[in-house]
Number of protein chains: 2
Amino acid sequence: MGQRDAEATRARILAAAVIEFAAHGHSGGRIDRIAREAESNVRMIYAYFGNKSGLFDAALSDAIRRMAEEVPPRPTELPAWVGELFDFHQRRPEVLRICLWAQLERPEAASEPLETYLAKVESLQEQASPAISAVDLLVIIYAVAQAWQLAPVGLLSADGRASHETRRAAAVEVVTRILI
Amino acid sequence: MGQRDAEATRARILAAAVIEFAAHGHSGGRIDRIAREAESNVRMIYAYFGNKSGLFDAALSDAIRRMAEEVPPRPTELPAWVGELFDFHQRRPEVLRICLWAQLERPEAASEPLETYLAKVESLQEQASPAISAVDLLVIIYAVAQAWQLAPVGLLSADGRASHETRRAAAVEVVTRILI
DNA sequence: CCTAAGTAAGTATCTATTTACTTATAGGCT
DNA sequence: AGCCTATAAGTAAATAGATACTTACTTAGG
């Protein structure tokens, strides 16, 4: 790398880390691979992020921030929102993957960017009913948007006529019916 | 171990493997820990299961079989079924955990016990509607039953008045509304 | 010319898998 | 019944390759 640019190097490392950790998780992710892929150096990773866990947490926060920015909550149009979440997970499966890894491998880190979630809860408050609280509603909406990414591929391929659109429509329909 | 009993040793290893892999996954799970915890020996693991992946797959199949036996599908009473699935995941979180690890680390293995799922799909066929196919319905029901296990703990603890019962009721209510 | 950015080559530890060995036990033989 | 032995069950220790993290050094640029 001819020029020296700390910010750019840091950004390349972070981007490579998101990809690597989304693919292999914290324990399976390899520092050397990240360094190579970022066209940087192992030493730089430790300079910028301290250690492997620090890098993982930074990658996780980055991914969650992206999701919160790209798909902001729409408390008055929840069916439309679940559709956008569904699309997002198809478009960027690495974000859900890194969140799942975090939930399994570092649950304490997974709760870190909590304000993001709590803000959403507040805005959902008025949609809550005696049967389903605001938090539960948020939990369910996320689960429905992610459902197809969590299903074993073999099961999904059993549905010959299924497509992105039919699944998206099913997710939207579910949330519509929940709110009635 | 005074007595020699191949079956018993194999069973102890498998039980220890389920616990270890549910906690740390395929890549994070340690063969030595499994051998120690099973009060057996590294060599025996290789004798019975070939290699680490063979042991992981055996542990996964064992966990899925247990779930299929303990919570058989009830195609005509889906809301009741989702309630039982919800209870099961609270009671045995390790089953969902090992399935998630498999989905992330060895997706090809995760689809292996496919007949189990496909049988359920057939029985759900009559509940399907133009908006939601049988496969999609199954995918959604699983997702709702698991939803609270996938949510970050910080989000869940934000709901002060929530309990096992209120969440279970919310899951059942959701499926009830979906089917109308 | 001093500081921050970058590089290359270790090191110490860990970990899956193997090798070489010991011991219990079932079942045939006398 | 009691002995003998082939085989399966079990153990301990080595090996070979990774891998997170460090140390000691070089170079660009304000």
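**View 1. Surroundings of Leu14(A) in the predicted model.** Apart from neighbours within four places in sequence, Leu14(A) is in contact (heavy atoms within 4.5 Å) with Phe49(A), Ala58(A), Ala59(A) and Asp62(A). Leu14(A) lies in helix H1 of chain A; helices here are DSSP runs of H or I with at least four residues, numbered from the N terminus. Its relative accessibility is 13%, so Leu14(A) counts as buried (under 20% relative accessible area, with exposed over 50% and partly exposed in between; 1.4 Å probe, protein chains only). A distance of 33 Å separates the C-alpha atoms of Leu14(A) and Gly154(A), which are 140 residues apart along the chain.

This is a predicted model, in which local features need pLDDT of at least 70 and side-chain atom pairs count only at pLDDT 80 or more, while totals for chains, interfaces and linings use all residues. Residues are numbered from 1 along each chain as its sequence is written, chains are lettered from A and ligands numbered from 1 in the order in which they are written, and side-chain values use heavy atoms, with hydrogens and water left out.

**View 2. Packing of helices H1(A) and H6(A).** The axes of H1 (residues 6-28) and H6 (residues 93-105) of chain A come within 8 Å and cross at roughly 25 degrees (lines fitted to C-alpha atoms over the stretch in contact, with angles from 0 to 180 degrees between N-to-C directions). H1(A) is therefore roughly parallel to H6(A), a term for angles under 35 degrees. Contact residues from H1(A) include Val18(A), Phe21(A) and His24(A), and those from H6(A) include Arg97(A), Ile98(A) and Trp101(A).

**View 3. Gly28(B) in helix H1 of chain B.** Gly28(B) belongs to helix H1 (residues 6-28) of chain B. With a relative accessibility of 11%, Gly28(B) counts as buried. Not counting residues up to four places away in sequence, Gly28(B) touches Ser27(A), Glu20(B) and Arg33(B). The C-alpha atom of Gly28(B) is separated by 22 Å from that of Ala151(B), 123 residues apart along the chain.

**View 4. Interface of chain B with chain A.** The contact takes in 47 residues of chain B and 46 residues of chain A. About 4,000 Å² is buried between the two chains, with carbon and sulfur atoms giving 70%; buried area is the accessible area (1.4 Å probe) that two parts lose on being put together, summed over both. Within chain B, Leu104(B), Leu155(B) and Arg177(B) lose the most area to chain A, together 18% of what that side buries.

Methods: Helix = DSSP H or I, 4+ residues; strand = E, 2+ residues; numbered from the N terminus. Parallel < 35°, antiparallel > 145°, perpendicular 65-115°, else oblique.
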